[in-house]
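Q: I'm new to this one. Can you walk me through a few spots?

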Amino acid sequence: MKKISEILLKEGIILDLKEKEKIEVIKKLGERLISLGYITNSDEFFGEILKRENLESTGIGMGIAIPHARSNAVKDLVIVFGRSQEGVDFSSLDGKPAHLIFLIAGPEDKKSEYLFALAKLSKLLRKDEVRIELNKAKNEEEVIAIIKKYEV
Amino acid sequence: MKRILLYLNEAQEETIALALSLAKTFSSRLYVLFSLDSDEIKDENLKDKLEDEGWQKLYDVEEKAFKEEIKVSLLFFEGKPEKLIEELMKSYEIEALILNPLANLNLLEIINKNKEKIIILR
C-alpha cells in the first residue's frame, strides 16, 4: 500500500482557496485533477463525488474535510489538497468549518487501497500537530514534508 | 426510526448488515461509532493498530452505505464506550442502538441508561 505522501500530488496543492461553498471547493479541487489528466470523464467523476456529499458529511470535524469518490472515471489513486483561510461549511458533526480539505479519488478496482488511504489520512489528521503545521505551511513542499514527517 | 447508531467495535458482518438494512428500510441516518479506550490501552503500537483498523472499518461501512444510498455519519472517538454511547444517544437523538451482544461493553449499564430507546443485539 502506498503512503499518503506518495499519492498526494504536489501540483494538486492549493494553499489559498477562495471558494466559500462546499460544492465550489470540490469543483475547484476536482478541476485540478482534470487538468492534471487523472480524470477521463468529468461528469461521471463529479456525479459520484457530489452524490456522496448529498448522502453524508465528509467533514470529519476538527477543521478537516475529506471528500472522496471511487469511479471508473479516475485513472489512479490520488489526493489533492486545498486550504481555506476562512473555512468552508462541510456540515461537520462538530459544526466547525473545514480549513484543510483533502480530496481523494480512486479507480473502481482499487477499493482496498482507497479505503486504506482514507483511513490513514483520517488517522493522521486527528493529530493536533499535523493540523497546526498544515495550517502554517508556506508552500507545497512544506505540505508534503509535514505529511512525510508524521505518517508512519 | 430516523436515527440509528451502530457500535462498530466487535460488530460482525451480520450486525453491520442488519444496521444497513434497517437504515434503508426506515430511510434513517446511520451513525457509525468506533471507539478507542485509550486509558485501557497502554501499548502505543496496539493503539496505533486499533486506530488504523477502526478507520478502515468505518470507511468500509460507509462504502456499503453509499452503495445502498443510505445517509451515514462516521464517528471515531476516544473514551469509555459506554459513556460515549450514552452521550451520542442524547446529542444525536438516536432512536435505536445496534451492537454485537459479545462486544466488550458493560451491556447492563447501556441498557439501564437508555431505557427509552430500542436496543438491538445481533
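This is a predicted model: local features need pLDDT of at least 70, side-chain atom pairs count only at pLDDT 80 or more; totals for chains, interfaces and linings use all residues.

Q: OK, helices. At what angle do α2 and α3 of chain A pack?
A: About 145 degrees, with the axes 11 Å apart. α2 covers residues 22–35 and α3 covers residues 42–55. Axes are lines fitted to C-alpha atoms, for helices over the stretch in contact, and angles run from 0 to 180 degrees between N-to-C directions. Helices (H or I, at least four residues) and strands (E, at least two) are DSSP runs, numbered from the N terminus.

Q: Which residues meet there?
A: From α2(A), they include A:Ile23, A:Ile26, A:Gly30 and A:Ile34. From α3(A), A:Phe45, A:Phe46 and A:Ile49 are among them. Contact means heavy atoms within 4.5 Å.

Q: And by class, how many are nonpolar, polar and charged?
A: The contact of α2(A) with α3(A) has 8 nonpolar, 2 polar and 4 charged residues. Ala, Val, Leu, Ile, Met, Phe, Trp, Tyr, Cys and Pro count as nonpolar, Asp, Glu, Lys and Arg as charged, and the others, Gly among them, as polar.

Q: What about the loop between α2 and α3? Which residue sits there?
A: A:Leu36 is one of the residues in that loop of chain A. A:Leu36 is partly exposed because its relative accessibility is 32%. The cut-offs: buried is under 20% relative accessible area, exposed over 50%, partly exposed in between (1.4 Å probe, protein chains only).

Q: What does A:Leu36 contact?
A: Leaving aside neighbours within four places in sequence, A:Leu36 touches A:Leu9, A:Glu11 and A:Gly12. A:Leu9 is 27 residues away along the chain, and the two C-alpha atoms are separated by 9.4 Å.

Q: New topic. How many salt bridges are there over all chains?
A: 32 in the whole structure. A salt bridge is a side-chain nitrogen of Lys or Arg within 4 Å of a carboxyl oxygen of Asp or Glu.

Q: Which residue does A:Glu86 pair with?
A: A:Lys20, with the closest N and O atoms 3.3 Å apart. A:Glu86 is in strand β5 and A:Lys20 in the loop between β1 and α2, 66 residues apart. A:Glu86 is exposed, at 60% relative accessible area.

Q: Which side chain does B:Glu62 meet?
A: The side chain of A:Arg52, at 2.9 Å, N to O. B:Glu62 lies in helix α2 of chain B and A:Arg52 in α3 of chain A, so the pair joins two chains.

Q: Are those two buried or exposed?
A: B:Glu62 is buried, at 3% relative accessibility. A:Arg52 is buried too, at 1%.

Q: Last one: where is A:Arg83?
A: In strand β5 of chain A, residues 78–88. A:Arg83 is buried yet has no salt bridge. The nearest side chain of opposite charge, A:Glu142, is 7.1 Å away. Lys and Arg count as positive and Asp and Glu as negative; His and the chain ends are not counted.

Conventions: Residues are numbered from 1 along each chain as its sequence is written. Chains are lettered from A and ligands numbered from 1 in the order in which they are written. Side-chain values use heavy atoms; hydrogens and water are left out.
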